[in-house]
Amino acid sequence: MKKTRDTPTDDKFAAVCSQVWDVLIPARADYLAGVSPHYDEVFHDVVQRTEHASSLGKTDIAALVVWKRLSAQTAWVSALMSLPDAHVREVTKRAVTAVRDTAVPRSEAARKGRSIMWELPGFRTGDALASAALTAAAPTRMAVYDRRVQHALDTLGLTLTRTPGRYSRYIQLLDSLLQHSRAPADGWTPRDIDTALYWTGKNPQPTDH
């Protein structure tokens with residue numbers, strides 16, 4: 001595993017990993033039981049359109065803003081909507097290609113995709129909307145990041161700093177968790193972990209650390 005300042009030592013990670021899965025596995029089950037099966041329909045519609053077009057347009061991004069419940073009353077929305085949709089699709093097509101590249105590790109694909117999305121208004125700060133777009137482009141490889149996910153990571157003792165490259169390090173961290181997964185989590189994708197983290201961050205539970 002490639003080391004970064006956010007990467008825990010092998011011994012430290014092994015020590016916390018069992019406790020992390022003690023939280024994530026039931027959290028994922030609670031998420032599936034507690035969230036309407038129709039809630040992610042908007043996201044799945046964007047996934048299907050992206051699969052067909054190999055890019056995201058302004059309509060797709062607008063749908064993800066609603067799905068993520070982000071504010072649309074900001075200057076970046078006006079700037080994005082003022083761009084030709086063809087330009088938006090040209091940028092997102094390159095990002096889609098990057099995150100779908102199975103010849104490189106997921107974290108590297110995430111880094112490339114995230115850096116490309118930076119070219120568009122609304123994607124230059126934070127990772128919530130960018131991660132949603134990249135996950136729509138590669139739903140079995142990427143994962144959504146937001147403040148609730150960050151809160152869960154902090155609660156679980158998993159370090160993810162705000163320094164540049166956070167999204168790539170986030171995907172690397174999820175990959176590390178998958179490498180230490182248990183039988184109940186066999187077949188999980190990074191997206192499965194992000195929903196468990198989201199639920200944990202939204203519904204904090206007492207932990208032993």
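Helix axes are lines fitted to C-alpha atoms over the stretch in contact, and the angle between two of them runs from 0 to 180 degrees between N-to-C directions. In this predicted model, helix α2 (residues 41–53) and helix α7 (residues 128–137) pack at an angle of about 55°, and their axes lie 8 Å apart. Helix α7 also packs with helix α6 (residues 106–117) and with helix α3 (residues 58–67).

**Helix α7**

- Helix α7 is mostly covered, since 10 of its 10 residues are buried.
- The buried residues of α7 include A128, L129, A130, S131 and A132.
- A133, L134, T135, A136 and A137 of α7 are buried as well.

**Helix α2 against helix α7**

- On the α2 side the contact is made by F43, V46, V47 and T50, and on the α7 side by A132, T135, A136 and A137.
- The residues of this contact between α2 and α7 comprise six nonpolar and two polar ones, with no charged residue.

**Helix α6 against helix α7**

- Helices α6 and α7 pack at an angle of about 120°, with their axes 10 Å apart.
- They are therefore oblique to each other.
- Helix α6 passes α7 in a right-handed crossing.
- A110, G113, R114 and M117 of α6 make the contact with A130, A133 and L134 of α7.
- Five nonpolar residues, one polar residue and one charged residue form this contact of α6 with α7.

**Helix α3 against helix α7**

- Helices α3 and α7 pack at an angle of about 120°, and their axes are 10 Å apart.
- The pair α3 and α7 is therefore oblique.
- The crossing in which α3 passes α7 is right-handed.
- Residues I61, L64, V65 and W67 of α3 meet L129, A132 and A133 of α7.
- By class, the contact of α3 with α7 has seven nonpolar residues, no polar residues and no charged residues.

**The largest nonpolar core**

- In soluble globular proteins, nonpolar side chains tend to be buried together.
- The largest nonpolar core of this model has 65 residues, and those with the most contacts inside it are L24, Y170, L177 and L197.
- Helix α1 (residues 10–34) gives the most to this core, contributing 10 residues.
- Setting aside residues up to four places away in sequence, L197 touches L24, R148, V149, A152, L153, L156, Y170 and L174.

**Residue G113**

- G113 lies in helix α6 and is one of the residues through which α6 meets α7.
- The relative accessible area of G113 is 0%; a residue under 20% counts as buried, so G113 is buried.
- Leaving aside neighbours within four places in sequence, G113 is in contact with A95, A98, V99 and L134.
- G113 and T97 are 16 residues apart in sequence, and their C-alpha atoms are 7.9 Å apart in space.

**Residue D192**

- D192 lies in helix α10 (residues 190–202).
- D192 has a relative accessible area of 14% and is therefore buried.
- Not counting residues up to four places away in sequence, D192 touches R28 and G187.

Definitions and conventions. Residues numbered from 1 in each chain as written. Predicted model: local features only at pLDDT ≥ 70, side-chain atom pairs only at ≥ 80, totals over all residues. Heavy atoms only, no water. Helix = DSSP H or I, 4+ residues; strand = E, 2+ residues; numbered from the N terminus. Contact = heavy atoms within 4.5 Å. Nonpolar A, V, L, I, M, F, W, Y, C, P; charged D, E, K, R; others polar. Core = buried A, V, L, I, M, F, W, Y, C linked by side-chain atoms within 4.5 Å. Buried < 20%, exposed > 50% of the residue type's maximum accessible area, 1.4 Å probe, protein only. Parallel < 35°, antiparallel > 145°, perpendicular 65-115°, else oblique. Left-handed = near helix turned anticlockwise from the far one by under 90°.
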